[in-house]
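I opened a new notebook page for this chain.

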Amino acid sequence: MLHVDLLLLDLVIVLAAARLLGAAARRLGQPPVIGEIVAGILLGPTLLGPLVGDELFGAEMRPPLQALANVGLVLFMFVVGLELDQKLVRGKGRIAVTVALGSTVVPFVLGCVLALGIAGDHVGGDRTPAFVLFMGAAMSATAFPVLARILTDRGMQRITLGGLSLAAAAVIDVLAWTVLAVVVGIAGAGDAEGQWKVLLAVPYALVMFLAVRPLLARLVPAYEKAGRLTPSLLSLVLIGLIGSAWATEWMHVHFIFGAFVFGAVMPREGAERLNHEILERLEQLAVLLLLPMFFVVAGLNVNLRALDLSSLGTLAGILAVAVGGKLLGSYVAARAQRLPSRQSWAMATLLNTRGLTEIVILTVGLQKGVLDNELYSLMVVMALVTTAMTGPLLRRIYPDRRVARDLAEAERAALGVTAAYRVLTVVPGSPAEHAALVDLTATLARATPPSEVVLAHLRPYPQGRLEVGSGLSSELAELAETLHDLEALAAAARARGPEAKVVSRFSADVAAELPELVTGAQPDLVVLPAGGPGYAEIRAAATCRVVTVSSPDLPGSPDPADQAGPAEPAAGPIAVHHGSGGDAAAHVALTLALLQDRPLVVTGGGRASALAQRLARLKVTATSGTVPAGALVVAPDTGTAVDGAHLLVRAEQDADPVDWAAAVSALRPPVSQP
């Protein structure tokens with residue numbers, strides 16, 4: 001008999017524990033789901049079970065708690081599917097499938113090899129084939145709901161990386177559940193009946209996208225006619241959601257996929273207000289109340305008391321196969337699809353998340369007799385370790401700054417705004433003396449169209465008190481002359497291609513205000529002369545790439561009388577020094593070399609020689625030997641410059657490695673077809 005009072009008390013305990021340990025996990029830089037699973041483990045037989053856990057969470061209380069938790073997971077996966085921006089994965093299905101296959105096949109094979117080595121200690125006889133397949137499936141699984149939770153906690157489900165990771169994780173888990181169904185069939189369990197229903201997953205997906213989606217589109221005019229989300233409309237959505245979850249559960253695929261797919265097929269065009277109201281109704285209930293309960297209840301079924309110190313060798317092997325197989329398979333597959341290295345590692349790290357899905361799979365294996373208690377406990381430790389390592393690794397590989405940048409780009413793309421590549425240069429003193437500086441800025445901007453140049457000039461207030469009369473008129477006249485000179489420089493920059501604008505004003509403290517001006521402009525590249533007012537502060541505040549010009553006279557710059565003309569090759573070399581970013585310095589030098597038709601020399605040892613050879617294979621005039629006339633020299637910053645101008649390059653924060661083939665291709669004009 002169900003005791004309602006005990007059920008309500010359990011709900012209070014579960015939610016309080018989930019909130020407390022979830023907050024503690026967040027303070028430690030972990031996703032709250034880690035704290036919620038640990039809360040369930042602590043409330044279960046691992047710690048409190050023998051004391052009070054068996055009384056509070058006995059056998060009769062588990063089913064109603066599990067039922068409520070499952071409802072929470074259904075609502076949450078629907079919200080994830082509804083919030084997924086399908087534009088992020090449109091045209092990238094091949095990437096998601098390729099990464100999913102790499103992330104599944106490599107750990108699956110390694111898991112099977114490991115299982116063959118330890119099968120004699122844990123299973124025997126006719127159970128070995130099922131055990132081997134099960135270990136492969138367990139090693140290759142990705143926790144789709146936990147991954148979705150990690151992404152939504154950081155807002156990454158709205159960027160391309162998050163969308164691709166969710167799509168790949170969905171494919172991975174379909175494969176994992178399919179293999180699990182085969183394992184259950186081989187194990188000869190009663191639940192093996194009807195495993196053929198998994199084959200219906202493909203027709204189900206076709207029906208959802210080709211038939212159900214057009215039907216759901218009719219909700220939009222009904223909503224507009226009513227002017228609000230009526231109970232009838234919300235009921236239709238909930239009926240369809242739960243029916244879709246039931247269908248995939250009946251097919252032995254798992255109800256989370258039905259919930260996610262139903263959210264994905266909800267109407268998008270013209271349905272922004274409708275979806276917003278649905279999210280308002282369901283998101284708080286799912287995320288704050290029912291979903292934490294799911295993770296806690298999952299932890300209640302884990303017993304870590306079965307761990308034995310003698311099993312550490314097996315645990316090390318499990319972790320090596322699980323982590324190494326996932327990271328290697330995912331990364332190689334992502335790079336094969338030409339994803340940048342940073343995004344590939346981030347995606348591999350995300351797909352290494354096991355968490356809840358792993359624990360569910362392991363529980364099935366334990367129930368069917370494929371796993372013994374010792375190996376089950378070791379695999380649970382692996383699931384928690386791989387999930388716990390995801391947060392710190394992801395923040396190191398893909399910091400919050402990168403996420404914020406991607407989110408801003410996604411918002412601009414959604415609004416149809418094309419973001420120009422912005423190059424800001426600080427023009428000190430008399431602008432007429434810095435034509436070469438502005439020419440360098442325009443050249444670097446021209447390499448990344450569409451682009452714009454911002455000329456920043458702050459003029460200090462005159463000493464003493466300003467009087468209305470000749471003194472003020474003189475200062476205003478000087479400011480007008482400065483603006484005229486800056487506009488002339490801006491016109492020269494426009495003649496080279498990019499847009500150009502001027503920011504000039506009086507300043508009470510140039511050194512203090514310049515860093516604020518640079519930061520507020522949010523440039524992609526800063527070019528500034530060394531030693532000017534606020535130089536050190538600007539370099540410290542700028543998060544983008546910074547090019548410092550140590551010499552005011554750049555060889556090969558246009559004559560001030562003809563500032564719009566092309567730059568001629570210099571008689572002397574330009575040294576581009578590494579600063580704190582070798583790739584950034586070489587990229588700047590490559591840009592100038594190709595756009596100004598100069599030879600490129602890379603110095604600094606074996607790595608420099610390898611880069612020169614790589615660029616030479618891309619048909620760039622690049623060497624690592626002698627320095628010819630007019631060359632651009634990429635050199636380490638040793639404090640001594642090659643004769644001529646000295647450019648010191650500092651890389652942007654969280655810089656990606658340069659794709660040299662793409663960089664060279666972007667800088668060369670397209671070949672006209674005859």
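**Overall fold**

I began with secondary structure and counted 25 helices and ten strands in the chain. This is a predicted model, so I looked up confidence next. Mean pLDDT for the chain is 79. Of its residues, 83% reach 70 or more.

Over residues 555-571, pLDDT stays under 50. The model still gives this stretch 36 contacts beyond four places in sequence.

Then I turned to burial. The chain has 674 residues, and 51% of them are buried. Its exposed surface comes to about 29,800 Å². Carbon and sulfur atoms supply 61% of that area.

I also checked contact range. I took contacts between residues at least 6 apart in sequence, and 80% of these join residues at least 24 apart.

**Helices α4 and α12**

How do the axes of α4 and α12 cross? I found them crossing at roughly 35°, and they come within 6 Å. Helix α4 covers residues 62-83, and helix α12 covers residues 255-264. The crossing of α4 past α12 is right-handed.

I listed the residues that meet. From α4 come N70, L73, V74, M77, F78, V80, G81 and L82. From α12 come F255, I256, A259, F260, F262, G263 and A264.

**F131**

I picked F131, which sits in helix α6, residues 128-140. Is F131 buried or exposed? F131 counts as buried because its relative accessibility is 0%, and the cut-off for buried is under 20%.

I went through its neighbours, leaving out residues up to four places away in sequence. F131 touches A115, I118, A119 and V123, and also V370, L371 and L375. I also took a C-alpha separation: F131 and C112 are 8.6 Å apart. Along the chain, these two residues are 19 apart.

**T387**

My last stop was T387, in helix α17, which spans residues 373-397. T387 has 1% relative accessibility and therefore counts as buried.

Which residues does T387 touch, beyond four places in sequence? I found Q30 and I34, then V146, then T353, R354 and G355.

Key. Residues are numbered from 1 along each chain as its sequence is written. This is a predicted model: local features need pLDDT of at least 70, side-chain atom pairs count only at pLDDT 80 or more; totals for chains, interfaces and linings use all residues. Side-chain values use heavy atoms; hydrogens and water are left out. Helices (H or I, at least four residues) and strands (E, at least two) are DSSP runs, numbered from the N terminus. Buried means under 20% relative accessible area, exposed over 50%, partly exposed in between (1.4 Å probe, protein chains only). Contact means heavy atoms within 4.5 Å. Accessible areas come from the Shrake-Rupley method with a 1.4 Å probe; for residues, only the protein chains shown count as cover. Axes are lines fitted to C-alpha atoms, for helices over the stretch in contact, and angles run from 0 to 180 degrees between N-to-C directions. A crossing is left-handed if the near helix is turned anticlockwise from the far one by less than a right angle, and right-handed if clockwise. pLDDT is the predictor's confidence in each residue, from 0 to 100.
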